[in-house]
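This report covers strand pairing, nonpolar cores and backbone angles. The sequence and structure come first.

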Amino acid sequence: MNPTSPLRHALGGRAARTLTPAVLAVLITAGTAACGGSDTSSQGTARSTRTVSPEPAMTRSASASPRTQQEFAASVSAAAERNRQQAAKQLAGVTGRGNAVKDVSVTGLPVVKSEQFRSALVRVTNRTDKAAFYAVKVEFVDSSAKVLDSVVLGFADVPPGRTVSQHANSRKAAGVKTFPRIAQAERS
């Protein structure tokens with residue numbers, strides 16, 4: 001005679017058989033994580049480890065504390081804004097579409113009804129033999145070709161023979177089915 005365990009009796013035979021592999025999998029996963037995982041973000045616990053190589057003669061000056069994520073984001077935003085302003089100045093003097101329209105492409109990204117901005121991926125390919133600055137004006141137009149917004153981007157020091165990309169974002173075109181297009185592109 002096979003005695004029935006209290007768990008099987010309380011849950012029923014089928015439920016206990018179904019539950020047992022799931023519980024076993026959780027226990028194995030927890031045990032593996034506890035035994036085999038290593039946290040590389042913490043300092044080591046081995047106190048007898050010594051550095052064999054000598055310290056570098058010149059060390060870079062360390063700031064009082066490392067940059068925070070907000071400080072890094074602010075510096076990236078500041079650089080992007082400087083590039084945008086330089087691009088706007090450059091495009092102000094351009095007549096027509098510019099000398100680099102063939103080097104630039106734009107792709108609209110999918111529209112979500114709850115989006116707060118409309119976005120397009122702009123790609124620039126430097127077909128010259130030296131690094132160049134690209135100023136690009138992207139227009140967001142609706143189905144009747146009415147321009148809802150225009151965004152200026154600056155691509156600094158694009159290496160020769162390379163393709164770089166940025167997103168052009170428009171809050172004015174948010175929630176509206178728009179099509180991005182390159183209005184102007186100038187290389188300097």
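## Open sheet

An open sheet is built from three strands in the order β1-β2-β5, with antiparallel pairing. Strands, like helices, are DSSP runs numbered from the N terminus (strands E, at least two residues; helices H or I, at least four), and two strands pair if DSSP finds at least two bridges between them. At the edges are β1 (104–108) and β5 (163–170), each of which pairs on one side only. Direction ignored, neighbouring strands of this sheet are turned by 25° against each other on average; the axes are lines fitted to C-alpha atoms, for helices over the stretch in contact, and angles run from 0 to 180 degrees between N-to-C directions.

Eight bridges join β2 and β5 in the antiparallel sense. Ala-120 stands opposite Ala-168 in β5.

## Basis of the values

The model is predicted: local features need pLDDT of at least 70, side-chain atom pairs count only at pLDDT 80 or more, and totals for chains, interfaces and linings use all residues. Residues are numbered from 1 along each chain as its sequence is written, and side-chain values use heavy atoms, with hydrogens and water left out.

## Nonpolar cores

A nonpolar core is a set of buried Ala, Val, Leu, Ile, Met, Phe, Trp, Tyr and Cys residues joined through side-chain atoms within 4.5 Å. Buried means under 20% relative accessible area, exposed over 50%, and partly exposed in between (1.4 Å probe, protein chains only). The largest such core has 18 residues, and Val-122, Val-136 and Phe-155 have the most contacts inside it. Two or more residues each come from β2 (118–125), β3 (132–141), β4 (147–158) and β6 (179–187). The most, five residues, are given by β3.

Leaving aside residues up to four places away in sequence, Val-122 touches Val-104, Ser-105, Val-106, Val-136, Val-138, Leu-153, Phe-155, Val-164, Ser-165, Gln-166, Ala-168 and Ile-182; contact means heavy atoms within 4.5 Å. Another core, of six residues, lies apart from the largest one and includes Leu-91, Phe-133, Ala-135 and Val-152.

## Positive phi angles

Ala-145 lies in the loop between β3 and β4. Its phi is near 70°, a positive value in a residue other than glycine. With a relative accessibility of 48%, Ala-145 counts as partly exposed.

Asp-157 lies in strand β4, and the phi of Asp-157, also a residue other than glycine, is positive, near 50°. Asp-157 is exposed, at 61% relative accessible area.
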